[in-house]
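Q: I would like a close look at a single part of this protein. Please keep it plain and give the cut-offs behind the terms.

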Amino acid sequence: MGLVLIAKRNKPLIAMMAAILFTVAVFLATRPLSETAVILQSQAVKMSTGAGDSAVYEAVERGSLYSLDYRVYIKGPQGIVSPWHDIPLFANKDKRVYNMIVEIPRWTNAKMEMATKEPFSPIKQDEKKGVARFVHNIFPHKGYIWNYGALPQTWEDPNHVVPDTGAKGDNDPIDVIEVGSKVAGRGAVLQVKVLGTLALIDEGETDWKLVAIDVNDENADKLNDIDDVEKVYPGLLAASVEWFRNYKIPAGKPANEFAFNGEFKNREYAEKVIDETNEYWKTLIKEANPSLNTVSRVPEAVHQGTDEAAATAIGATPEHGANAPLPGDVDKWHFVQG
């Protein structure tokens, strides 16, 4: 009876406390995970090889996260494999479902990429003048605003001028931004539908940015082409263009430019780009003296990977250890006037 009386006399206070508790609960449920919380030390991902067989790929970390000795190797049924060369482009070719290698989880700042000049192309921290690279936070964004990675068995040939953009390829696997609801782990292999593409012109090179959705995402059935993205995630495409245009500005570089006036091309166009870059990759792995490292277990590859070569590569890296300290300004917001 006493509690009821107190409640009646303090309805405004109770309402205020309930509102505060609700706000805290929503914040805890929706706040971005820290970089260390996002990544599991060893993550196994089940996926289809496209041949009807089940395969498990495991991310194997070496060195210290946020340092230049950090590496993520990928272990598959054959042992250590190259995520760039050995993981199939298609998870299901008939349904045009692709495999995506996640290099950078959403909300994180550490700039990671597959090491295309190293045996078995592990994921490593990018560097500039001997210093680990981190992207700045461009208000209102925190780090990368999607899961960021690449399609295996693709290559943007730097000797080929793309007719529609007038610029050569950027010498890398083709990039992917995955716009689903989950934060993926670094080194994860996702099965994705490609929805379209943006053509970034980065320092005079064509740098395709495919837009994709994890087929296991709750909204995957609603997304089948680029126009669907605005319906399901209003504002995301515009935010993506803004992010790519501005993310280098805090480092003192000019804004990036785009082909097609920054407009996204549809799924059909994107898949033609993928098919073309896949053909360039097929040529690359058959070269006797390629400029990039093509060691792999793909039968057609000139430079065959072996268990001994994999052991040597991993043995040259330090054991996985404690994270290196993050830069002091990693959480700073930068305000860029567009």
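Which strand forms a hairpin with E3, and how many residues lie between them?

A: E3 forms a hairpin with E4, with two residues between them. This is a predicted model, in which local features need pLDDT of at least 70 and side-chain atom pairs count only at pLDDT 80 or more, while totals for chains, interfaces and linings use all residues. Residues are numbered from 1 along each chain as its sequence is written, and side-chain values use heavy atoms, with hydrogens and water left out.

Strand E3 covers residues 71-76, and strand E4 covers residues 79-81. Strands here are DSSP runs of E with at least two residues, and helices are runs of H or I with at least four, both numbered from the N terminus. The pairing of E3 with E4 is antiparallel and has three bridges; two strands pair if DSSP finds at least two bridges between them. Within this pairing, lysine 75 has isoleucine 80 of E4 as its bridge partner.

E3 also pairs with strand E8 (residues 123-125), again in the antiparallel sense, over two bridges. There, valine 72 stands opposite isoleucine 123 of E8.

As for cover, five of the six residues in E3 are buried, where buried means under 20% relative accessible area, exposed over 50%, and partly exposed in between (1.4 Å probe, protein chains only). For the protein as a whole, buried residues make up 52% of the 338 residues.
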